[in-house]
Amino acid sequence: MNAVPATVAGLPTSDPANSPRFAVISGAQVRSTLDGRGKRIVKLVEDVYCLHGNGESVNPPSYFLRFPDRPSARIIALPASIGGQSRVDGLKWISSFPDNVTAGIPRASAVLILNDHDTGYPIACMEGSVISATRTAASAALAADWLSRGRPRPTSVGFFGTGLISRYIHTYLAETGWSFDEIGLFDLSADSAAGFRGYLERAGVQGQITEHKSAEQLIRSSDMVVFATVAGEPHVSELSWFGHRPLVLHVSLRDLAPEILLASTNVVDDIEHCLKANTSPHLAEELIGNRDFLLGTLFDVIAGRVSVPADRPVVFSPFGLGVLDLAVGKYVYDEWVSSGELQMIEGFFSELHRYG
Ligand SMILES: NC(=O)c1ccc[n+]([C@@H]2O[C@H](COP(=O)([O-])OP(=O)(O)OC[C@H]3O[C@@H](n4cnc5c(N)ncnc54)[C@H](O)[C@@H]3O)[C@@H](O)[C@H]2O)c1
């Protein structure tokens, strides 16, 4: 790979000097761009939710590739297109292999492809798992902010499932101004809970850290509950555990029994996306035959179209939109273009004359 000025990347093919070029951005480069920029990325994600809510995006359903011989694994394709100032098209291709964790590597791995708006040529392939975790955490932090307005600000948080996504969410909450008197942890794996505690201690967090022995203890003692497990079907169904009306960031989407959702205020990122693939909101819709249990989208809350009542638990279930990956990926790409150090793959496109 050669580092070359990247101003030519993705320009139309009509000028031979500006032939399409292709860049590769590694995970280390992605991280160096995103580290410590929590507030900036949360604002970016908020802007993209608004763009999406206003119809300036294309975000088709995700495509799930599953395997009869590996039923717990999947690879998901998330194509998307965003308009606005930094318009770009692209695709996230993300694997989830939960057994990776026992082999010592993260569950998820991904690439993100960016395509040029004018020519359609792919302009970059980027490491995508950091971008994906980052946009997920930014979305959760944004939801925590908007959905806690109008109710006492949470002073205790509980992480239900203490893997990589919970770590990113904690980091993003901290970078956007949250601190907690109590941080609760619950995981089926003692090693995961201990690993998360180690991360918190290295990060120097204030407040008491408690590893709970039961799901009930964690939920009852947390004003804000983050679900980030790999559960495929609901395993929490006791409504009385939610009697203190917590704010629930239901990032793993399939933990809560429909009865919990039906007794809560429900906010999603995109209604059509979220009511699919056996998510808890999907199961709730199947149970009652309508969508009346949904208050609306996070964009509806941000735009002031709905207000969030404080008299029930509030549950945010984000399906995870490809437009968010694309926006964060384009942000990283633009930063590397500006630096003049984008790593181009010379000769990646080699058939550039129609008749040779
Ligand atoms: N909604 C979104 O946009 C979005 C985006 C990214 C990831 N996710 C989801 O976040 C989840 C977590 O991802 P990760 O990368 O952190 O996975 P991970 O494997 O690193 O961590 C998951 C943890 O959950 C624990 N766990 C599993 N079942 C449990 C249960 N029933 N009770 C308590 N703990 C349990 C596991 O032991 C593990 O420590 C996944 O389900 C993933 O699909 C959602």
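Predicted model: local features only at pLDDT ≥ 70, side-chain atom pairs only at ≥ 80, totals over all residues.

User: What makes a residue "buried", and what makes a run a helix?

Analyst: Buried means under 20% relative accessible area, exposed means over 50%, and partly exposed is in between, using a 1.4 Å probe and protein chains only. Helices are DSSP runs of H or I with at least four residues, strands are runs of E with at least two, and both are numbered from the N terminus.

User: Which residues other than glycine have a positive phi?

Analyst: Leu 253 is one of them, with phi near 70 degrees, and Ala 277 is another, near 60 degrees. As background, most residues other than glycine have a negative phi. Leu 253 sits in the loop between β13 and α7, and Ala 277 in the loop between α8 and α9.

User: Why is Leu 253 called buried, and why is Ala 277 called partly exposed?

Analyst: Leu 253 has 6% relative accessibility, so it counts as buried. Ala 277 has 28%, so it falls in the partly exposed class.

User: Why is the pair of Phe 22 and Phe 349 called edge-to-face?

Analyst: Rings of Phe, Tyr and Trp (its six-membered ring) pair if their centres lie within 6.5 Å; planes under 30 degrees apart are stacked, over 60 edge-to-face, and the rest tilted. Here the centres are 6.0 Å apart and the planes at 85 degrees, so Phe 22 and Phe 349 make an edge-to-face pair. The pair links distant parts of the chain, 327 residues apart: Phe 22 is in the loop between β1 (2-3) and β2 (23-25), and Phe 349 in the segment after β17 (343-344).

User: Are Phe 22 and Phe 349 buried or exposed?

Analyst: Phe 22 is at 7%, so it counts as buried, and Phe 349, at 19%, counts as buried too. Phe 349 also forms an edge-to-face pair with Phe 348, at 5.0 Å centre to centre and 90 degrees between the planes. Phe 348 has 44% relative accessible area, so it is partly exposed. Phe 22, Tyr 121, Phe 348 and Phe 349 form one aromatic cluster.

User: How do you know that Arg 70 lies over the face of Phe 67?

Analyst: A charge sits over a ring if NZ of Lys or CZ of Arg is within 6 Å of the ring centre and within 35 degrees of the ring normal. Arg 70 lies over the face of Phe 67 at 4.1 Å from the ring centre, and Arg 153 over that of Trp 178 at 3.6 Å.

User: Why is Glu 46 called buried, and what is Glu 46 in contact with?

Analyst: Glu 46, in helix α2, is at 14% relative accessibility, so it counts as buried. Leaving aside neighbours within four places in sequence, Glu 46 is in contact (heavy atoms within 4.5 Å) with Leu 142, Trp 146 and Ile 302.

Key:
Residues numbered from 1 in each chain as written. Heavy atoms only, no water.
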